[in-house]
Amino acid sequence: MTDKATANGPDIQALVEGLARARVALAGDVMLDRFVYGEVSRISPEAPIPVLRVGEERVMPGGAGNVARNLAALGARVDFLSVVGDDEAGKELKSALDAEAVTSALTVDPARETTVKMRFVAMGQQVLRVDRETHLPLGNAPTETLIAALTAALDAKDVLVLSDYGKGVLTPAVLAAAISAARGKGLPVVIDPKGRDYARYAGADVVTPNRKELGEATGLPVENDEEIVAAARALIMQHGIGAVVVTRAQAGMSVVTADGVTHLKAEAREVFDVSGAGDTVVSTLAAALGSGLSLPEAAALANSAAGIVVGKVGTAVVHGDELAAKLRERELSALEAKVAGLESARDIVEAWRARGLSVGFTNGCFDLLHPGHVTLLDKARTLCDRLVVGLNSDQSVKRLKGEDRPVQPEIARATVLAALQSVDLVVIFEEDTPARLIETLRPGLLVKGGDYKVSEIVGADFVQAHGGRVEIVDIVPGFSTTGTIARLGR
């Protein structure tokens, strides 16, 4: 069964503040990303290549260092461990991490060269990339040093992240020791994997391959939802992994466990650059798990963060305030989605019934929402699985209440109703009564508040004739929109 995960349950500000409280231990392959920006206005006379006139150079931590940057941008407290060479690039990396407010412990291995990726950029496009790197696995001495430092770093942490870029830092010995130590302390282990051998990641709680990496690791097709789920479960069964979070570019993200699946749609409006998007996903996912969120909730946050970062140019990060703004935007979109026209509402209700959910209905003008309205809706929602609210249009309210009503236009009234947890769907109707709406939606429950008799309730006979029931619920006395308006002297 596929569920739609959201992070709208808790307060948005509380969610973001929770990420900032997460304490994260991070280890992996670090590299120095050097960007050379300039202009190209001519082709070299020596060869058919562009001539870049350099204007600016920037350096920043890359690889696992970018995961550290993302964690720091979210406000999480991160201890970052890696290995660099005894060279100038290693020193630059340390300075760059310090500038990002990342606490780092970089083991120096004279036998290694610090990985440097130099990108030459003109007019927003990379024209050349030059790499200097070592792929050899760590020797015994740096391996022992890294394992000891990493084991110590797990004290007072909430989650362990291992970011594998295949440069030799996360050897099987380092991975096994790190996973074992974290599990011994009850910490979730999140791994951004590399290569085809996932036996190296046995015992991890979450791995985050992209779709291509999943296919390469399993040798299975990964073209659609069903194939991706099958491939992810193959990894879970073969290597004792708790869950696989598959990033799928424009198709979003899939969260797969042995007995559950959650598919999340991509949230990006425009995609400028996918560089480092996987780092943003793993960092946000880990910080969210470290703050106590469930895996589907954490994945929803990570999906939102990915939607932000791909709209930026270069290897970028997502800050806490950006994520909060994105969540608020999504919340508003969700409210809009709860307001539907008649035909859309009929399809939604039929889908609910097909899932075996009971559907209730109530209606009203709901002009200036008051405690009486809230009580009615809360009580109605306890009697059914899904509650539809029929809302009188502005013209309908004018006919019923007078030319000076409604106080609030229909879109404002619908938005306020949609924001209530007790309301699952709002449908605006133009008629004076909801009879046509009730006959179209065919609810199994009709609810009214007050001292009505069943025979006086519009639609009661239709609902009962089709096997449904009618309920009259008590509401909080002393509240009415008309009375409120009168007290305001309108």
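Modeller: The largest nonpolar core has 57 residues, and those with the most contacts inside it are F80, L285 and L323. Such a core is a set of buried Ala, Val, Leu, Ile, Met, Phe, Trp, Tyr and Cys residues joined through side-chain atoms within 4.5 Å, where buried means under 20% relative accessible area, exposed over 50% and partly exposed in between, with a 1.4 Å probe and protein chains only. Helix α9 (residues 295-309) supplies the largest share of this core, 9 residues; helices (H or I, at least four residues) and strands (E, at least two) are DSSP runs numbered from the N terminus.

The model is predicted, with local features needing pLDDT of at least 70 and side-chain atom pairs counting only at pLDDT 80 or more, while totals for chains, interfaces and linings use all residues. Residues are numbered from 1 along each chain as its sequence is written, and side-chain values use heavy atoms, with hydrogens and water left out.

Turning to F80, and leaving aside its neighbours within four places in sequence, its contacts (heavy atoms within 4.5 Å) include L26, V30, A64, A68, L97, V102 and L106. As a general point, nonpolar side chains in soluble globular proteins tend to be buried together. In the protein chain, buried residues make up 50% of the 490 residues, and among contacts between residues at least 6 apart in sequence, 69% join residues at least 24 apart.

The aromatic pairs come next, and the structure holds 2 of them; rings of Phe, Tyr and Trp (its six-membered ring) pair if their centres lie within 6.5 Å, with planes under 30 degrees apart counted as stacked, over 60 as edge-to-face and the rest as tilted. F35 and Y37 form a stacked pair, 6.1 Å centre to centre with 15° between the planes. F35 counts as buried because its relative accessibility is 4%, whereas Y37, at 25%, counts as partly exposed. The rings of Y198 and Y201 have centres 5.3 Å apart and planes at 85°, so this pair is edge-to-face. Y198 is buried at a relative accessible area of 1%, and Y201 is buried at 0%.

N363, found in strand β16 (residues 359-364), is buried because its relative accessible area is 12%. Beyond its neighbours within four places in sequence, N363 is in contact with G390, F429, P434 and K448. Strand β16 belongs to an open sheet of 6 strands in the order β15-β18-β17-β16-β19-β20, with parallel pairing, where two strands pair if DSSP finds at least two bridges between them. β15 (339-340) and β20 stand at the edges with a single partner strand each, so one side of each is left without a neighbour in the sheet. β16 pairs in the parallel sense with strand β17 (residues 386-392) over 6 bridges, and T362 has V389 in β17 as its bridge partner.

K448, already named as a contact of N363, stands opposite I472 in β20. From β19 the chain crosses through helix α16 (residues 460-465) to β20, and this β-α-β crossover is right-handed, in the sense that, with the strands pointing away from the viewer, the path from the first strand over the helix to the second runs clockwise. Strands β19 (residues 445-449) and β20 (residues 469-473) themselves pair in the parallel sense over 5 bridges.
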